[in-house]
Every structure is written in structure tokens, then in C-alpha cells.
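Welcome! Let us walk through this structure together, one group of residues at a time.

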Amino acid sequence: LGGYIFYLDGSGCHGLVAKTQDEPSVYQWSEFSFRTYAFASGIFGGAQNTKKSIARAVANGSTCPAAIQASLTDGGFNDWYLPSIDELDMMYVNLHLQGLAGFAANYYWSSTEFDTGGAWGIDFGTGNSPNDGKNNTYAVRAVRAF
């Protein structure tokens with residue numbers, strides 16, 4: 001499935017997978033402040049957030065580097081995306097706190113927008129979940145649904 005399973009639904013047949021490693025660098029959420037309407041925070045919400053972010057960036061003559069990097073084809077799968085804040089929190093609890101998946105004690109972006117200038121993330125060093133300026137550079141770990 002391309003990585004570490006960190007969530008299974010009630011049927012046990014569908015869930016979420018995190019890539020085996022972080023993306024190769026750190027990335028801005030966006031270059032400029034603009035509204036993307038990527039407000040989904042729940043399970044399976046990150047895919048739609050990622051699509052909205054990229055589309056709204058193009059419409060604003062900008063890019064969303066974190067979302068673009070997360071959505072690249074990898075391991076034969078082309079459905080990777082930047083996780084929503086709840087999906088990212090599940091990765092933190094179900095993988096990182098269990099010593100799995102090799103996360104660094106870094107701040108990781110979610111795909112969930114806070115406002116025009118900010119987005120949500122989680123500091124994997126402390127577990128805090130602040131919103132921060134979209135122009136800051138942080139780690140990215142892509143996920144996919146199955």
C-alpha cells in the first residue's frame with residue numbers, strides 16, 4: 001500500500017497509509033497569503049484540501065509547495081496528498097508516539113487552512129498543534145487512502 005497503515009475504518013478494509021519517509025526537503029504551505037478554502041479537518045479530508053490548495057494557488061498566480069510535493073507519484077501510487085489536521089494527528093499518535101515510521105521531532109504541515117495567512121500543523125517534538133504562517137517552511141509526510 002506504499003507505507004505505514006495508521007488508520008482503519010470500521011470495516012477493516014479501508015484506511016489511510018503514510019509514506020515511509022518525509023519528503024526530501026522542507027516546504028512552504030504557500031508562497032503568498034490567499035484563501036484556498038481548504039478547511040476540511042477530518043479523516044479523508046486532506047485529499048480535497050490538497051486539490052483545492054493547488055487549484056486556488058494556480059488561480060492566484062502562486063503555488064502551494066507542500067501540497068504539490070505531497071501529491072507527486074511515488075511507489076507506483078498517484079493518489080498521495082497532504083494530510084488534514086486530524087489525519088496528521090492520527091499519524092502523530094498512531095505512528096510517531098509508538099516509535100514507528102521514522103518521524104523527526106519537526107513541525108509538519110497539514111492541508112487544513114486556518115485563514116488567509118495561516119495553516120495548521122503539528123510539532124512532532126512536542127505534540128502541540130499551532131497554526132502558523134503559510135510562508136514558513138516545514139516538513140511534509142504524504143498520505144493516501146485505500
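K19 and E23 form a salt bridge, and their closest N and O atoms are 2.8 Å apart. A salt bridge here is a side-chain nitrogen of Lys or Arg within 4 Å of a carboxyl oxygen of Asp or Glu. Side chains of opposite charge can pair when their charged atoms come close. Both K19 and E23 are buried; that word stands for under 20% relative accessible area, with exposed being over 50% and partly exposed in between (1.4 Å probe, protein chains only). K19 and E23 also belong to a network of salt bridges that takes in D74.

Before we go further, a word on the model: it is predicted, so local features need pLDDT of at least 70 and side-chain atom pairs count only at pLDDT 80 or more, while totals for chains, interfaces and linings use all residues. Residues are numbered from 1 along each chain as its sequence is written, and side-chain values use heavy atoms, with hydrogens and water left out.

How many salt bridges does the structure hold? There are six salt bridges. Another of them joins the side chains of R35 and E113, at 3.8 Å from N to O. This pair links distant parts of the chain, 78 residues apart: R35 sits in the loop between β3 (27-28) and α1 (46-59), and E113 in strand β4 (residues 107-115). Helices (H or I, at least four residues) and strands (E, at least two) are DSSP runs, numbered from the N terminus. R35 is partly exposed because its relative accessibility is 24%, whereas E113 is buried, at 2%.

Next, look for D79 and R144, whose side chains meet in a salt bridge of 2.7 Å, N to O. D79 lies in the loop between α2 (65-70) and α3 (85-94) and R144 in strand β8 (residues 143-145), so the pair ties together parts that are 65 residues apart in sequence. With 33% relative accessibility, D79 counts as partly exposed; R144 has 7% relative accessible area and is therefore buried.

Now turn to helix α3, where you will find M91. Is M91 buried or exposed? M91 counts as buried because its relative accessibility is 0%. Its contacts (heavy atoms within 4.5 Å) include F6, A18, P83 and F103, leaving aside residues up to four places away in sequence. By comparison, the C-alpha atoms of M91 and P24 are separated by 18 Å, and these residues are 67 apart along the chain.
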